[in-house]
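Visitor: I have a new chain open on my screen. Can you walk me through it?

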Amino acid sequence: MMEGVGTFTWKDGRKYNGTWKENLMHGNGRLELPDHTIYEGGFLFDLKHGEGVLNYPDGKKLYGTWEGGK
């Protein structure tokens, strides 16, 4: 079971570096997607939650406050 701080890479190319709770992304972290989109910010039980920024491959950035992944 993943707890605390660490990095995990899925077979589909996603990579998460941050805090874990009961095998879920929970706390602050950085999630890199296969299309090179990167989310940096808060997570709550595997969903984007709290302050964060989405960095798109074309250089655009979306800053916001996330709740329940949205």
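Visitor: How many bridges join strand E2 to strand E3, and which way do they run?
Guide: This is a predicted model, so keep that in mind throughout. Strand E2 covers residues 15-21 and strand E3 covers residues 24-32. They run antiparallel, and 6 bridges join them.

Visitor: Which residue stands opposite Lys 15 in E3?

Visitor: What sits between E2 and E3?
Guide: A turn of 2 residues, which makes the two strands a hairpin. Glu 22 is in that turn.

Visitor: What is the phi of Glu 22?
Guide: Positive, about 50°, although Glu 22 is not a glycine. Most residues other than glycine have a negative phi.

Visitor: Which other non-glycine residue has a positive phi?
Guide: His 36 is one, with phi near 75°. His 36 lies in the loop between E3 and E4. At 62% relative accessible area, His 36 is exposed.

Visitor: Zoom out. What does the chain's secondary structure come to?
Guide: 0 helices and 6 strands. Along the sequence the pattern reads β-β-β-β-β-β.

Visitor: In what order do the strands sit in the sheet?
Guide: E1-E2-E3-E4-E5-E6, in an open sheet with antiparallel pairing. Strand E1 (4-9) and strand E6 (61-66) are at the edges. Each of those has a single partner strand, so one side of each has no neighbour in the sheet.

Visitor: By how much are neighbouring strands turned against each other?
Guide: By 15° on average, ignoring direction.

Visitor: What holds strands of a sheet together, in general?
Guide: Strands pair through backbone hydrogen bonds, in either the parallel or the antiparallel sense.

Visitor: Back to the start of the chain. How do E1 and E2 pair?
Guide: They run antiparallel, joined by 6 bridges. Thr 9 has Lys 15 in E2 as its bridge partner. Lys 15 also stands opposite Glu 32 in E3.

Visitor: How many residues lie between E1 and E2?
Guide: 5, and the two strands form a hairpin. Gly 13 in the turn has a positive phi of about 105°.

Visitor: And the other end, how do E5 and E6 pair?
Guide: Antiparallel, over 6 bridges, with strand E5 at residues 47-55. E5 and E6 form a hairpin with 5 residues between them. Gly 59 in that turn has a positive phi of about 100°. Leu 54 has Leu 62 in E6 as its bridge partner.

Visitor: Which residues does Leu 62 touch?
Guide: Gly 52, Val 53, Leu 54 and Tyr 56, leaving out residues up to four places away in sequence. Glu 3 is another matter: Leu 62 and Glu 3 are 59 residues apart in sequence and 29 Å apart in space, C-alpha to C-alpha.

Visitor: Next topic. Which residues make up the largest nonpolar core?
Guide: There are 8 residues: Tyr 16, Trp 20, Met 25, Leu 31, Tyr 39, Phe 43, Leu 54 and Trp 66.

Visitor: What is Tyr 39 in contact with?
Guide: Setting aside neighbours within four places in sequence, the contacts of Tyr 39 include Gly 29, Arg 30, Leu 31, Lys 48, Val 53, Leu 54 and Trp 66. Of these, Leu 31, Leu 54 and Trp 66 are listed in the core with Tyr 39.

Visitor: How much of the chain counts as buried?
Guide: 26% of the 70 residues. The accessible surface is about 4700 Å², and 55% of that belongs to carbon and sulfur atoms.

Visitor: Last one. What is the radius of gyration?
Guide: 12 Å. A compact globule with 70 residues would be near 11 Å, so the chain agrees with that. Its C-alpha atoms fill a box of roughly 35 × 25 × 15 Å along the principal axes.

Visitor: And what share of contacts links residues 24 or more positions apart?
Guide: 2% of the contacts with a separation of 6 or more.

Definitions and conventions. Residues are numbered from 1 along each chain as its sequence is written. This is a predicted model: local features need pLDDT of at least 70, side-chain atom pairs count only at pLDDT 80 or more; totals for chains, interfaces and linings use all residues. Side-chain values use heavy atoms; hydrogens and water are left out. Two strands pair if DSSP finds at least two bridges between them. Helices (H or I, at least four residues) and strands (E, at least two) are DSSP runs, numbered from the N terminus. Axes are lines fitted to C-alpha atoms, for helices over the stretch in contact, and angles run from 0 to 180 degrees between N-to-C directions. A nonpolar core is a set of buried Ala, Val, Leu, Ile, Met, Phe, Trp, Tyr and Cys residues joined through side-chain atoms within 4.5 Å. Buried means under 20% relative accessible area, exposed over 50%, partly exposed in between (1.4 Å probe, protein chains only). Contact means heavy atoms within 4.5 Å. The radius of gyration is taken over C-alpha atoms; the globule rule is 2.2 Å times the number of residues to the power 0.38. Accessible areas come from the Shrake-Rupley method with a 1.4 Å probe; for residues, only the protein chains shown count as cover.
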